Amino acid sequence: MPTPPSMSRRSFLQGMALAGAMGAMTFRPLRAVASPGEAVAGRAQQAPLFPQAPLMQQPFALLPTGSIKASGWLLRQLHIQADGLGGHLDEFWPIVGPDSGWSGGKGESWEDGPYFLDGLVPLAWQLDSPTLKAKAMRFIDWTLEHPWENGMFGPRSNDDWWPRMVMLKVLTQYHELTGDPRVMPLMTRYFHHQLQALPTRPLRDWGRMRWQDELVSVLWLYQRTGDAKLLDLAHLLKQQGYDWQGMFAHFPFTQKTDADALRKQAGGSDAFMQDLGLQVHGVNIAQSLKASPVWSVASGSAADREAIHHQLQMLDTYHGVPNGMFSADEHLAGRSPSQGTELCTVVETMFSLEVALALTGDAALGDRLERIAFNALPAALTDDMWAHQYNQQANQVECSQHRQPWTTDGPESNLFGLEPNFRCCTANFHQGWPKFANSLWMATADHGLAAMSYAPCTVATVVRGTPVVVEQVSDYPFRQTVSLTLKPEHAVAFPLRLRMPAWSRDTRITVNGKPVKTTPGFTTVERTWAPGDTIEVVFDAEVKVERGYNGALSFSRGALVYALPIEENWVVWRKRGPTNDWQVYPGSRWNIGFKPDVPIAVSEHPVGERPFAGATAAVKLAVQGQYVPAWTSSEGSADPVPAKAEPSADEGSPSVTLVPYAGAKLRITAFPSLG
């Protein structure tokens, strides 16, 4: 039965006794609407802002949105997104179409419009696309021009705090891109209203769990206005918000979530949808990872700043999977690589890590961010980005309609399509690539620049009062060389920091051809930089064998995880406007295991127009294994990896090719260990 546009995720999860597949929708085309914002072309180079007293200083700061422009393979990836759902969703999906409540209509008025804009705005300005900017301005102009009398903003059909938290993130990015003078007054009025309203209308459910996302926007505005009431609001949000740091300090969720048992413990579905159910919800947890670091800016506590490391350790220990993520389908699901991870969880984890990397300065968060961005994110999308999965599995042997093995999700969970299982990811996944591009470089507290993640781009900013451009040329992560050319307006002295991935044991750096000594975490090169200075970074990427669930083996090389591709037979299940919902069935054998010390041969190939496409894999690993006949599948999913695997005695040692994880939509990533 179709999910009504007005249906909240609360209602959806309460109904996850799972009534089956969602039916077809009726689509209405979007008529192009001219907008004054179409002419907005962006802003000149801007100096980054750091917190001032009484806020706690931080080691890095994100550059203003628009300071970094993607190039090379990353730019191609953004164009693919714009040519797919990212640039066309509003033309045929009514949820964000002309009748959206966030553009003045009577349609969906909750989280989906803001979710969509949270990716559309940075994408539109990354590509400097008048068409995409006009699409974004339809929502933004209406939002800015229709505030409520009391200071609220957005659709009047609801006064939920949560969707406005997302829209605030949109407005901060938009202001950094355009300097629109309407933004900060609207935010100020809203925050003043909220400060007065929260004592009698406190945060609840999703807003209570996701208070830290609003705190990012509150602190953003405080840095620009110095309004003391914003610090009062920050403390009130923390007081009413869920205590994630406390929950993780005594982490009780060490097994796959048993939703029925939790509902019984809670005394019913309504209580389950309060703290007990929402604290094991994957997207909430992804967003929570920024809570302690962001709060540390206001609290001044080093313990708050560092708490994210314990949180990640708990997730890795009890729910970690090989692609850098944790399982949550819909709720925490244990370490088996056959469990799923929601696409919303992936992009929200990325954003949390981007924020936390700036606040903590811990290079290890950059390693994890890259592992997720280069593996889990593209794996959940078709190569043309016209379809996506709700849940992806590290061991994914079939994408079809089955109820197992999910904790609470429905039978469409790992289909590729328009809105499998639930529509949130359809609106929300668009933030992944544009925000990653906007976080590649950051400012340093000692007035320098830092390369935080590696991908081809050009950064234009102001360092110590001097306009500086840095061009980064690289096919990383498919190759291990990064070339930087600095172009300051005139010679200027400042420190430049380069993140050193922990997996690279012998990184080599040269400046204008002369070697530089490297240090763990970040290597700092402090000198007077002249126009044309060059830096060459060469990472040492060896194939690593990692142990996981039941001793399973997985393979990585640098930032890329590798998987055995299974032959894919794509079957259209139903048409969805200009796209389809797909089921994918296996056409080749997959139950294979390896010895931990198996020799592995690496071969490199050209990076294709679709960088992560498995058909044109840029790197391949050749390895010999042995079939494990007793390892089979049930309900469309690979059985848990056997702890003790018995290889076939009469099938020899077949040679197989592993490809980057995202290129195999059907795959095995965690293999039985044969020794």
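Helix H19 (363–379) gives the most to the lining of the largest pocket, with 5 residues. The model is predicted: local features need pLDDT of at least 70, side-chain atom pairs count only at pLDDT 80 or more, and totals for chains, interfaces and linings use all residues. Residues are numbered from 1 along each chain as its sequence is written, and side-chain values use heavy atoms, with hydrogens and water left out. Helices (H or I, at least four residues) and strands (E, at least two) are DSSP runs, numbered from the N terminus.

**Largest pocket**

- A pocket is an open set of points on a 1 Å grid over the protein atoms alone, with protein on both sides within 12 Å along at least five of seven lines; lining residues have an atom within 4 Å of a point.
- The largest pocket holds about 650 Å³ of space, a volume being the space filled by probe spheres set on the points, which are joined across faces, edges and corners.
- Of its 30 lining residues, Asp316, Gly324, Arg368, Arg371 and Glu546 lie nearest the centre.
- At least two lining residues each come from helix H17 (302–319), helix H19, strand S15 (543–547) and strand S16 (553–557).
- This lining has 14 nonpolar, 7 polar and 9 charged residues; Ala, Val, Leu, Ile, Met, Phe, Trp, Tyr, Cys and Pro count as nonpolar, Asp, Glu, Lys and Arg as charged, and the others, Gly among them, as polar.

**Cavities**

- The whole structure has 6 cavities of 30 Å³ or more, a cavity being a set of grid points where a 1.4 Å probe fits but cannot get out.
- About 630 Å³ of space lies in the largest cavity.
- Leu62, Glu176, Val216, Trp220 and Val355 lie nearest the centre of the largest cavity, among 30 lining residues.
- Two or more lining residues come from each of strand S1 (60–62), helix H6 (161–178), helix H9 (211–225), helix H16 (291–299) and helix H18 (343–360).
- H9 gives the most to this lining, with 7 residues.
- The lining of the largest cavity divides into 17 nonpolar, 8 polar and 5 charged residues.

**Packing of H7 and H9**

- Helix H7 (residues 183–197) packs with H9 at an angle of about 120°, their axes 11 Å apart; axes are lines fitted to C-alpha atoms over the stretch in contact, and angles run from 0 to 180 degrees between N-to-C directions.

**Ala249**

- Ala249 is found in helix H11 (residues 244–249).
- Ala249 and Gln311 are 62 residues apart in sequence and 7.8 Å apart in space, C-alpha to C-alpha.
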